Amino acid sequence: MTDICKICMQRSNKWAGGSLVEHLARAHADEPASVEQVYPDLKEAATSGGDPTADDTSDPGTPTDTDEFGRAATPAPSGTETPSDDLMDDAYGKKWYLVGVGGAGNNILDAILLRRATLEENNERRARIWQGGLAGYGLLNTNVSELEQTYYAQEEKGYSRNDLLPNCIIGFGEHDYAGAGYRWDLGRDLIEADFADDADPFRERWDLKGERLQDSQAVMFVHSVTKGTGCGATPVLAEKLREKVLDDGIVSKPLFSSVVIPSEGTQYSEFGGRAKVNGVVGLARTSRTVDAIIPFDNKRLEDVGADIRPRIDRLGEYNPPQYVEVNKPLVAFLEAFTMSSVPQFLDRDATMSIKGDVFDPADSFRPVQDKYQRDPDRDFSPAVVLAPVLGRSRANAFDESKLELLVRNALFQNKLAEFDPTTAWGGTFLVYGPEGKMREVSELIGDGTLASIIGDEQFLDAGRSTGIESVDIHIKQLVTPYLDDVYLWGTLWNPEMPSIEAMYDHALTLKQEGNTEQAENIREVWDEVEALFSCLGRENMG
């Protein structure tokens, strides 16, 4: 009979050592807390004497593992990264089903898959974040040439062009598969054609698997709103997903949109009127069909520090050169978001040993209808806009001043979209790091110090609110033993965002004064535009 190590879920025929004690000594001696919890009678034998993981036959030229974002670190013990097959094959309860829509969405999903591959190939424990966090994923596009160039098509699926047409194309049989350009209305029309005459491409064609979509905690669409496919097709896709696939009962499955928006103050946004219009239309239409929108600003992604740019091998082979560095912090944010639910579906005795607070995807925001007095004639509530932040501290010890520096790093230096934190309705925050450092941080969370710092007038300014509404600050924490540093991840709800406001101002002028097709398109969706944009900023809380 084959035994299984209850720490790493690896079968005995894969162990480096013959007996369980030898395996523990070789693979888990650097995790005495885990050994003591799972095998208290074997701890002393497994962790005593010398370097139990040393291997005289190892190749001295083998590269070491890397820490969270690229520096050399202690390699993960061989054989500790394979969770049970049943656990990893089962999609139920895993956090996300990811759908990359259009060229930008395809590139970002490729970056995520390459990040996962990088972690797996280097035997890093963080690989289990993605192994256990992804219920499934797929790409959709109107441009078959862009699809052909993806890691997903070439290496994940081994697809030829003939394979891509039925499995990943939007508007199958309706166009020449050369893309939708900057025509969001064309992207919309092409995906609507896929559902004409009661057709169901979820069941009949696309790689998007209905059962795995249903089993996930949430669905995340990844796209941009500057061009036609991501902007035009994503809202229809979300609407049809609810209609055709998700039978949510009383509580609906949350749908998220991670969306790249035009940056404020760049030449592209200053002169790119069509991109601005697409941005307004795309955000507004998406806000009607999803629950939360996470906007990422390329200018901010370019400017964030190297400390939150994860190692992603071979990314330059598949992402356009101008997006290789931009997509790294975006992936880091989504990796931390995914980790926030890992302990819910990984065995408590698994090697990852993450412990602490976990939260469901819907816990990252508060729905707009809880805060905003809706127009009684409106038949929908717009999505909440979640401004993304991710900070890092390398401090060896933590007190109030060190935590304030971490908050400042996250909310100012490393915010991933431009926004004013003092105008947010509130926020959800996750602090995570190694056990020794988190012991100090946990005390400062427990006594309210961190909440007071985040709520200070220079950050969320929680003391300044209008009406009877309060600014909500929710802080979760995780111990993640494979890291050296402490991180602060967060989503801030519905703050004022200059780049979005600039798009709105441009669209309003066009609506009032324009006589072009763009102006007519804006007028067509203006109810959705007003619904979304009238909720941004603290003065609109209630």
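Student: In which loop does Tyr-177 lie?
Tutor: This is a predicted model: local features need pLDDT of at least 70, side-chain atom pairs count only at pLDDT 80 or more, and totals for chains, interfaces and linings use all residues. Residues are numbered from 1 along each chain as its sequence is written, and side-chain values use heavy atoms, with hydrogens and water left out. Helices (H or I, at least four residues) and strands (E, at least two) are DSSP runs numbered from the N terminus. Tyr-177 lies in the loop between helix H9 (161–168) and H10.

Student: Is Tyr-177 buried or exposed?
Tutor: Buried means under 20% relative accessible area, exposed over 50%, and partly exposed in between (1.4 Å probe, protein chains only). Tyr-177 has a relative accessible area of 16%, so it counts as buried.

Student: What is phi of Tyr-177?
Tutor: Most residues other than glycine have a negative phi. Tyr-177 is not glycine, yet its phi is positive, near 65°.

Student: Which loop holds Asn-123, and what is its phi?
Tutor: Asn-123 sits in the loop between H5 and helix H6 (127–133). Asn-123 counts as partly exposed because its relative accessibility is 38%. Its phi is also positive in a residue other than glycine, near 55°.

Student: Which residues does Glu-120 touch, not counting those up to four places away in sequence?
Tutor: Glu-120 is found in helix H5. Its relative accessible area is 35%, so it is partly exposed. With contact set at heavy atoms within 4.5 Å, the residues touched are Ala-127 and Gln-131.

Student: How far apart in space are Glu-120 and Trp-130?
Tutor: In sequence, 10 residues separate Glu-120 and Trp-130. C-alpha to C-alpha, the distance is 9.7 Å.

Student: What is the volume of the largest pocket?
Tutor: Rolling a probe the size of a water molecule over the atoms shows where empty space is left. On a 1 Å grid over the protein atoms alone, a cavity is a set of points where a 1.4 Å probe fits but cannot get out, and a pocket is an open set with protein on both sides within 12 Å along at least five of seven lines; lining residues have an atom within 4 Å of a point. Points are joined across faces, edges and corners, and a volume is the space filled by probe spheres set on them. For the largest pocket this is about 840 Å³.

Student: Which residues lining the largest pocket are the closest to its centre?
Tutor: The lining of the largest pocket counts 43 residues. Closest to the centre are Ala-104, Asn-107, Thr-226, Lys-227 and Tyr-323.

Student: Which element gives the most to the lining of the largest pocket?
Tutor: Elements that give two or more residues include helix H13 (228–244), strand E4 (255–261) and helix H18 (321–339). The most, 7 residues, come from H5.

Student: How do the residues of the lining of the largest pocket divide by class?
Tutor: Ala, Val, Leu, Ile, Met, Phe, Trp, Tyr, Cys and Pro count as nonpolar, Asp, Glu, Lys and Arg as charged, and the others, Gly among them, as polar. On that scheme the lining has 15 nonpolar, 22 polar and 6 charged.

Student: How much space lies in the largest cavity?
Tutor: The structure holds 3 cavities of 30 Å³ or more. Residues lining the largest cavity include Trp-184, Arg-274 and Glu-517. Helix H10 (184–194), helix H15 (273–289) and helix H24 (517–524) each supply at least two lining residues. The space in the largest cavity is about 70 Å³.

Student: How many residues of strand E10 are buried?
Tutor: Val-486, Leu-488, Gly-490 and Leu-492 point one way from E10. Tyr-487, Trp-489, Thr-491 and Trp-493 point the other way, and all are buried. For strand E10 (residues 486–493), the count is 8 of 8.

Student: Which residues stand opposite Thr-491 in E10?
Tutor: Two strands pair if DSSP finds at least two bridges between them. E10 pairs in the antiparallel sense with strand E7 (residues 384–393) over 8 bridges and with strand E8 (residues 426–433) over 7 bridges. Across from Thr-491 stands Pro-388, and another bridge partner of Thr-491 is Thr-428.

Student: What percentage of the residues in the chain is buried?
Tutor: The chain has 25 helices and 10 strands. Of its 542 residues, the buried part is 58%.
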